Amino acid sequence: MFEIYYGEDDYSRKRAIHNLRSRLGDADMASLNTVTLAAADTTPAEAISQAGAVPFLAAGRLIIIEGLLSLFSRSQTGGAGRSGGRSGRSRPAEQDESQKSQADPFRGWGHLRESVPDLPESNIVVLSDGAIAESNPLLKHLAPVANVRVFTPLRGNDLTAWIRQTVEERGGRIDAAAQRQLAEAHASNLWALSNEIDKLLLYAGTERPVSAEDVGLLAGVTRDENIFAMVDDVIERRYPRARQRVERLRADAGAAVPQIMAMLATQMRRLLAAKDGTERGISRAELQDAIGSRSDFAIRKTVNQSRGFSMARLREMHRMILRYDLALKTGELGEDTAMELLIADLCGVGTPGAAAR
């Protein structure tokens, strides 16, 4: 199987290669049977040898050759026939190289066209590259025997459809206004969009759709001071930094105290679920359901945070948030006081139970 993947959208290109790798079966065995080669540092013979090797305890082998097509772009090949410009005469070695280049303009890589049909059917060879012109000579030479996919940046309806599909794949929902707002904020940068989707699902959860308000809240926070960093500081008991982040969230991003408390409560419930699930040794699918997310980012982050606490401490912290939330809603405490006391108590530097008095 011979694949040629190229284009500016490297996120989708790498995801497509990841999907090919998943065909090899078990992840550990797939890793042993995956080889990535930099074309500039590899000979055609080495690449063909790797492609022809028998799989080891797996359904096949995956050989990824990166940057090969770009070696034969016009900007690269255009200088092959230059003499150097110093004397008008070519040195013998330069003449030999020029003659070789004329005899085989692809420097041996063109043999992939004849070699691919003889490779084991189980093996997959992928040429992966960035933006390449359709006139690329090696591309034109190899295309007749390959499955060629071009990964161009997503725009317009294609981009918003990708956002919706990605959110759904990770177990969430998102309304149309939020899709448009995300697309406008990050254009075709799918790496950034993927990270933002993880954060939004961690914030909004899977019980309701992500809204434009959610996107606006997170986008309005300064680059280094966001609500997730604040939650990290609280969970990890970094009181001074947590307090500063809360102040900046309120002043710079317009986040309301009830929103911040709701985020803390949501993450605390996830920590409880992660702690309970890992202690009982439940499966990954069950852990996803318990935490309420299919995002690898959210699950890994939550499980790692839960390891720093006992179950008793997590329950105590959850009760603290509920007490201060109730004190705020009943008017027993003002927003400033409730937030200040809650952060101090969660970080272990305040007077626990202040809201209950």
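I began with the aromatic rings and found that ring pairs link Y11, W162 and W191 into a cluster. I note that the model is predicted.

I counted the aromatic pairs and got four. I placed Y5 in strand β1 (residues 2-6) and F151 in the loop between β5 (147-150) and α8 (156-169), so the pair ties together parts 146 residues apart in sequence. I looked up burial for both: Y5 is buried at 3% relative accessible area, and F151 is buried at 6%.

I then took Y11 and W162, an edge-to-face pair with centres 5.7 Å apart and planes at 85°. Y11 sits in helix α1 (residues 10-22) and W162 in helix α8, so this pair ties together parts 151 residues apart in sequence. I have Y11 as buried, with a relative accessible area of 8%, and W162 as buried at 13%.

Next I turned to helix α14. I noted 24 residues and a reach of 35 Å from first C-alpha to last, close to the 34 Å expected at 1.5 Å a residue. I found 17 of the 24 residues of α14 buried, so the helix is largely enclosed by the rest of the structure. After α14 I found G281, with a positive phi near 70°.

Last, I checked α14 (residues 257-280) against α16 (residues 296-306): the axes come within 8 Å and cross at roughly 75°. The two helices are therefore roughly perpendicular to each other. I listed the contact residues as Q267, R270, L271, A274, K275 and T278 of α14, with T302, V303, Q305 and S306 of α16. I sorted these into three nonpolar, five polar and two charged.

How values were computed. Residues numbered from 1 in each chain as written. Predicted model: local features only at pLDDT ≥ 70, side-chain atom pairs only at ≥ 80, totals over all residues. Heavy atoms only, no water. Axes fitted to C-alpha atoms, helices over the stretch in contact; angles between N-to-C directions. Helix = DSSP H or I, 4+ residues; strand = E, 2+ residues; numbered from the N terminus. Parallel < 35°, antiparallel > 145°, perpendicular 65-115°, else oblique. Contact = heavy atoms within 4.5 Å. Nonpolar A, V, L, I, M, F, W, Y, C, P; charged D, E, K, R; others polar. Expected span 1.5 Å × (residues − 1). Buried < 20%, exposed > 50% of the residue type's maximum accessible area, 1.4 Å probe, protein only. Phe/Tyr/Trp six-rings, centres within 6.5 Å; stacked < 30°, edge-to-face > 60°.
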